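This briefing walks through one protein chain, from its overall build down to single residues. Keep the sequence and the structure in view while reading.

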Amino acid sequence: MTDLIEGAPAPDFNMETPDGPVKLADFAGNALVLYFYPKDDTGGCTKEAQAFTVLIDDFQKAGAAVVGVSKDSLASHRKFQAKYGLAVTLASDPEGETVAAYGSWVEKSMYGRSYMGIDRSTFLIRDGKLARIWRKVRVPGHAEEVLGELRGL
């Protein structure tokens, strides 16, 4: 796991989205909320994407873009966005390079079985630096907390 600290440079990335490629440099001069989630169209992941979607206008007014990242394919992202009317950008990281760079590929455990998976985590990036890091995110109230932190910067 990569140990990232607030104030450090954000790891660079280059991923595909249903609307085309996205990279860290695209957000120069603006804030970016980069959140990692395990899988499209699952309970917690859907609620998280919906919560960010409800507040997307507020994020944009505060000068921030919101990008969700999982290892799901672009086809899966398109279906997920269409099914729930999601307004957040969803980036595909099938090889897990960005997930790993942000330390979000971790060992998990369920029913006594260990496996590797994406840790639900969020990064607020401003001027190419990690302004705030949330690990082991709990979905209820999280999007509001991130927006509050953004407004406080």
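The points below cover the whole protein and then a handful of residues.

The model is predicted. The protein has five helices and nine strands, and these follow one another along the sequence as β-β-β-α-α-β-α-β-α-β-β-β-β-α. The radius of gyration is 14 Å, close to the 15 Å that the globule rule gives for 153 residues, so the protein is as compact as a globular protein of that length.

**The whole protein**

- Along the principal axes, the C-alpha atoms fill a box of roughly 40 × 35 × 30 Å.
- Buried residues make up 46% of the 153 residues.
- Among contacts with a separation of 6 or more, 63% are between residues 24 or more positions apart.
- The accessible surface is about 7800 Å², and carbon and sulfur atoms account for 50% of this surface.

**Two buried leucines in strands**

- Leu 32 belongs to strand β3, which covers residues 31-36.
- Leu 32 has a relative accessibility of 0%; buried means under 20%, so Leu 32 counts as buried.
- Beyond residues up to four places away in sequence, Leu 32 touches Phe 13, Leu 24, Phe 27, Ala 65, Val 67, Phe 123, Leu 124 and Ile 125.
- Leu 32 and Phe 52 are 20 residues apart along the chain, and their C-alpha atoms are separated by 13 Å.
- Leu 130 belongs to strand β9, which covers residues 129-134.
- The relative accessibility of Leu 130 is 1%, so Leu 130 also counts as buried.
- Setting aside neighbours within four places in sequence, Leu 130 is in contact with several residues, including Leu 4, Ile 5, Glu 6, Gly 7, Ala 8, Pro 9, Ala 10 and Pro 11.
- Other contacts of Leu 130 include Tyr 102, Phe 123, Leu 124 and Ile 125.
- Leu 130 and Tyr 111 are 19 residues apart in sequence, and the distance between their C-alpha atoms is 34 Å.

**The loop between β3 and α1**

- Asp 40 sits in the loop between β3 (31-36) and α1 (43-54).
- Asp 40 is buried, with a relative accessible area of 6%.
- The side chain of Asp 40 makes a polar contact with the side chain of Tyr 37, at 2.5 Å.
- Leaving out neighbours within four places in sequence, Asp 40 is in contact with Ser 70, Asp 72, Ser 76, His 77 and Phe 80.
- Asp 40 and Ser 70 are 30 residues apart in sequence, yet their C-alpha atoms are 7.7 Å apart in space.
- Thr 42 is found in the loop between β3 and α1, and Thr 42 is partly exposed, with a relative accessible area of 31%.
- From Thr 42 to Phe 80 there are 38 residues in sequence and 9.6 Å in space, C-alpha to C-alpha.

- Gln 81 has its place in helix α3, residues 74-84.
- Is Gln 81 buried or exposed? Its relative accessibility is 16%, and buried means under 20%, so Gln 81 counts as buried.
- The side chain of Gln 81 reaches the backbone oxygen of Val 88 at 2.9 Å.
- Not counting residues up to four places away in sequence, Gln 81 touches Pro 18, Leu 86, Val 88, Thr 89 and Leu 90.

- Most residues other than glycine have a negative phi.
- Asp 127 has a phi near 55°, a positive value in a residue other than glycine.
- Asp 127 lies in the loop between β8 (121-126) and β9 (129-134).
- Asp 127 has a relative accessibility of 61%; exposed means over 50%, so Asp 127 counts as exposed.
- Lys 136 has a phi near 50°, again a positive value in a residue other than glycine.
- Lys 136 lies in the loop between β9 and α5 (142-152).
- The relative accessibility of Lys 136 is 66%, so Lys 136 counts as exposed.

Technical notes:
Residues are numbered from 1 along each chain as its sequence is written. This is a predicted model: local features need pLDDT of at least 70, side-chain atom pairs count only at pLDDT 80 or more; totals for chains, interfaces and linings use all residues. Side-chain values use heavy atoms; hydrogens and water are left out. Helices (H or I, at least four residues) and strands (E, at least two) are DSSP runs, numbered from the N terminus. The radius of gyration is taken over C-alpha atoms; the globule rule is 2.2 Å times the number of residues to the power 0.38. Buried means under 20% relative accessible area, exposed over 50%, partly exposed in between (1.4 Å probe, protein chains only). Contact means heavy atoms within 4.5 Å. Accessible areas come from the Shrake-Rupley method with a 1.4 Å probe; for residues, only the protein chains shown count as cover. A polar contact is a pair of N or O atoms within 3.5 Å; within protein, one must be able to donate a hydrogen and the other to accept it, and residues adjacent in sequence count only if both atoms are side-chain atoms.
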